[in-house]
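Work through the exercises below with the sequence and the model open. Try each task before reading its solution.

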Amino acid sequence: MIRLEPRGPVAVSRMIVVSLAAGGAALVLAAIPMLFAGLSVFEAYALMIKGAFGSLFAFTEMLTRATPLILTGLAAAVAFRAKLWNIGAEGQLYAGALAAVAVGTGAISLPSAALIPLVIFAGALAGGLVMLGPTLLKTRLGVDEVVTTLLLNFVILLFVQMMLEGPMKDPMGMGWPQSEPILDEAALPKLLARMRIHWGLVIALGAALAVYFLLKKTVWGFEIRAVGENANAARHAGIPVTTTFIRVGLISGALAGLAGVGEVAGLKGYLTADLSPGFGYSGIVVAMLAGLSPIGVVFAALFIASIFVGADSMSRATGVSNYLADLIVAMALLCVLVSGLFLRFKIRIVGRNAGQEVSE
Amino acid sequence: MANTGSQSVPVLKLEGITKRFGKLTANSDVSLELRPGEILALLGENGAGKTTLMNILFGHYVADEGKVFVGTKDKLSELQPGSPNAALEAGVGMVHQHFTLAENLSALDNILLGTEKLTSLGSSHVSARQKLEQLMLRSGLSVNLDTPVAQLSVGEKQRVEILKALYRDARVLVLDEPTAVLTPQESETLFETLKKLTADGLGIIFISHKLAEVIASSHRIAILRAGRKVADLPTKGSDQRQLAELMVGHEVAETVRDPKDAGDTLLELRGVSAGHGREVLRNVDLELKAGEILGIAGVSGNGQTTLARVITGLVTAASGSMTLDKRDVSKASVRQMLQAGLARIPEDRHRDGVVGAMSVSENLAIETIRAPENQKLGLLRFSAMRERARRQIEAFDIRCQSENSPARLLSGGNIQKIVLARSLEADPRVVLAAQPSRGLDVGATSDVHRRLLVAREGGAGVILISEDLDELMRLSDRIAVIHRGVLSKAEGTEKLDRATLGMQMAGHSEGDAA
């Protein structure tokens, strides 16, 4: 009989080891279909590593891809900590991007020292407000936020498409459904000349530190953790549970909104309806891989971004579909979910007679 | 009394049972005999090994050493270890504390569940019904067999459980804390029934920690302490104090309440109605004075939970008013009630008392997390929190590895100490203690009682919501009874006796309480 014994407090070192092991296991499992496709596994992985780390350009591309993932990962992590299931980062990202475009394409003319912060603020606010609706529906009426946030993604994407076909369509865009370009004064500066990497990365890393600090050191963070771990006890202890949910919803939505700001004002320069290849959803994977730790989110986002960028490069070299990246990411998530069991329990194989715990 | 012919073969014999879990020895060389027609009380604190022993008897565990014998006719035969089926076939029946009934099935279906072969579904109902009706007639256990279990009262559900065992021709019946959920009257009825059952030679073991009922209803008492059997004595001639000391292993400090005059009114409820369904409050008046303990007696599920939630500030009363120190607090939030000096010991300490994943020190600070001693400009003052936690751990004897261990790793008694430490340390005005000793062992219970009395000495008003009449009679200055959401007028404890309270708890009208 296999028996699970609960472990005591989990050391950070153990969490890191288990996360790394899960990532490794995912690579091993993903090698199986690669073998069937007739690839040399080592060669393919070598190509992936080269594609993500092989040159300064490759490396900065990987960091650029990681930037929105860090932010959507944080959005998921902070919400999930409070057991507020925000599945709507994708929609909040588009809302943030839309607000950035609304403010940053000429409606307001200000010097960049004022306009950039305004664009950032507008994007964060839009993301936060989008998440406020589902949060209020949850706290007031008990509506399941998983459903509302998920469905809002489609509502917002359709709204963005409508705006891009209508009022916000670029008249100079040759008929393409895209917004006017972000003004130079509103754009996030590049970090390196001739590379696409931009200040969004600094914002994302700053956000990760800020969320870490919030959860670990502040009264708000204490209340978020208490509500997430045992809402009944938190309410009984006088913690304002509803307010905490609203706070978390705003923070989470704002972080996802920031991801949209970075993509539109740092990378693309204008808004299209295919701005995000599912960064909002990948953020959930990032958060889970990171065990909902804000610092872990940074590393998990780097991992996922390396896989995506590396697989793109590998597929160009070998002709294997870059869907392999999705496969590895999915495997990694499954491995992490399984490894959570190892974190929380010791697994022992014992005789049939040992069974339940003895009280006290 | 018992027809315990000492010559007869025992119906059950445990011989030298030892069971270890890793380093812990749950049972150490325990031997026990049960004669036909005998009622044996198994006493012991939490963790003394009662449940392990019974689980070995039922084949849920296999003993590391020792054997179980079951007496059939005139000889003993060894029971196959580790097989619940063998135990059932040998006529060992068990009534668990938490009933194992399917709520949506009728009583009859529940009793037959598992006794019929798949191929004979439904066909044997007629003969089964006849057998059960005979059983009910003989034992006095009457239940309407066709009622869905969900509609039965707790006492009736227990009867279904007992009938289930008897239907399977049990010759040994084990009851785990059978009176935990019953009114005093129901308990008495239960023990009368059990006595009747022993007339047919049924041997009964009941597990309990209520000393009074053990003395009143058993023939013999076996006491377990730390896995060993420390006493096996006839009930006749034993007294509560002696039993308690055998159970705990040392003298138990008896909690004594000095009579004294109560002070001014602290907390007052006027015409409070709240809640719905079973947990409803109807027009409740309550007055709590400084320096008194006001007991609220009642069987669980008669509105106590809602009463506690209203006073806590978790629920706003639909009508009526509540004042604390003459200030209106009808609409006060939990935090406002805390700041006004209310201390709470919640009924369900695991659900409402602690956040299991957070540390002992965080749990000790959770109610005052926004107070200046715990934060500055929204930043937590960890070292101050931990230092205070270390002091409270010391003062309240909370057994934990350190102030940083997660609260979920602590035992129930120690979790209760966390709750006591954080609520009673700050000299509260009003203490709301809901079922404060539920599930605690003798030592922890006496600690809780002592601290409530200390709070009372300090001039606090204490509301003690409990199902345990002994606890209420010992601690309370006045007692009111709650039944179906209606709270009776509180009377001085001196003027009350168990019988009257029991009648009131049953609401006078319930026929089965008589």
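**Exercise 1. Salt bridges**

Task: Find which residue forms a salt bridge with E165(A), and decide whether a pair at that distance passes the cut-off.

Solution. This is a predicted model, so side-chain atom pairs are counted only at pLDDT 80 or more.
Step 1. The partner of E165(A) is K169(A), with 4.0 Å between the closest N and O atoms.
Step 2. The rule asks for a side-chain nitrogen of Lys or Arg within 4 Å of a carboxyl oxygen of Asp or Glu. The pair of E165(A) and K169(A) is counted as a salt bridge.
Step 3. K169(A) has a relative accessible area of 27%, so it is partly exposed.

Task: Work out which strands are tied together by the salt bridge between E65(B) and R20(B).

Solution. 
Step 1. The side chains of these two residues, E65(B) and R20(B), meet with 3.2 Å from N to O.
Step 2. E65(B) belongs to strand β4 (residues 65-72) of chain B and R20(B) to strand β1 (residues 12-21) of chain B, so the pair links parts that are 45 residues apart in sequence.
Step 3. Both ends are partly exposed: E65(B) has 41% relative accessibility, and R20(B) has 39%.

Solution. 
Step 1. D352(B) and R351(B) form a salt bridge through their side chains, at 3.1 Å from N to O.
Step 2. Buried means under 20% relative accessible area.
Step 3. Elsewhere, salt bridges with shared partners connect E223(A), R247(A), R335(B) and R370(B) in one network.
Step 4. Over all chains, the count of salt bridges comes to 40.

**Exercise 2. Where the chains meet**

Task: Describe the interface of chain B and chain A, starting with how many residues of chain B are in contact with chain A.

Solution. 
Step 1. In chain B, 44 residues are in contact with 32 residues of chain A.
Step 2. The size of an interface is often expressed as the accessible area lost when the parts come together. Between chain B and chain A the buried area is about 3,100 Å², and carbon and sulfur atoms give 58% of it.
Step 3. Three salt bridges cross the interface of chain B and chain A. R370(B) and E223(A) form a salt bridge in which the closest N and O atoms are 2.8 Å apart.
Step 4. The interface of chain B and chain A also holds 11 residue pairs in polar contact.
Step 5. Several elements of chain B each supply at least two residues to the side that touches chain A, including β1, β2 (24-34), α1 (50-57) and α13 (382-395). The most come from α11(B), which gives four residues.
Step 6. Sorted by type, the residues on the side of chain B that touches chain A are 21 nonpolar, 12 polar and 11 charged.

**Exercise 3. Strand β21 of chain B**

Task: Decide how covered strand β21 (residues 478-483) of chain B is, and which strands pair with it.

Solution. 
Step 1. Six of the six residues of β21(B) are buried, and the strand is mostly covered.
Step 2. In a regular strand, side chains alternate between the two faces of the sheet. Here R478(B), A480(B) and I482(B) point one way, while I479(B), V481(B) and H483(B) point the other way.
Step 3. Strand β13 (residues 293-297) of chain B runs parallel to β21(B) and is joined to it by four bridges. A297(B) has V481(B) as its bridge partner.
Step 4. Strand β23 (residues 491-492) of chain B is antiparallel to β21(B), with two bridges. There, E491(B) stands opposite I479(B).
Step 5. Strand β22 (residues 486-487) of chain B is also paired with β21(B) in the antiparallel sense, over two bridges. L487(B) is the bridge partner of I482(B).
Step 6. The hairpin of β21(B) and β22(B) has two residues between the strands, and R484(B) takes a positive phi near 50°.

**Exercise 4. The surroundings of N153(A)**

Solution. 
Step 1. Leaving out residues up to four places away in sequence, N153(A) touches several residues, among them I87(A), G88(A) and E90(A).

Terms used: Residues are numbered from 1 along each chain as its sequence is written. Chains are lettered from A and ligands numbered from 1 in the order in which they are written. This is a predicted model: local features need pLDDT of at least 70, side-chain atom pairs count only at pLDDT 80 or more; totals for chains, interfaces and linings use all residues. Side-chain values use heavy atoms; hydrogens and water are left out. Buried means under 20% relative accessible area, exposed over 50%, partly exposed in between (1.4 Å probe, protein chains only). Two strands pair if DSSP finds at least two bridges between them. Contact means heavy atoms within 4.5 Å. Buried area is the accessible area (1.4 Å probe) that two parts lose on being put together, summed over both. A polar contact is a pair of N or O atoms within 3.5 Å; within protein, one must be able to donate a hydrogen and the other to accept it, and residues adjacent in sequence count only if both atoms are side-chain atoms. Ala, Val, Leu, Ile, Met, Phe, Trp, Tyr, Cys and Pro count as nonpolar, Asp, Glu, Lys and Arg as charged, and the others, Gly among them, as polar.
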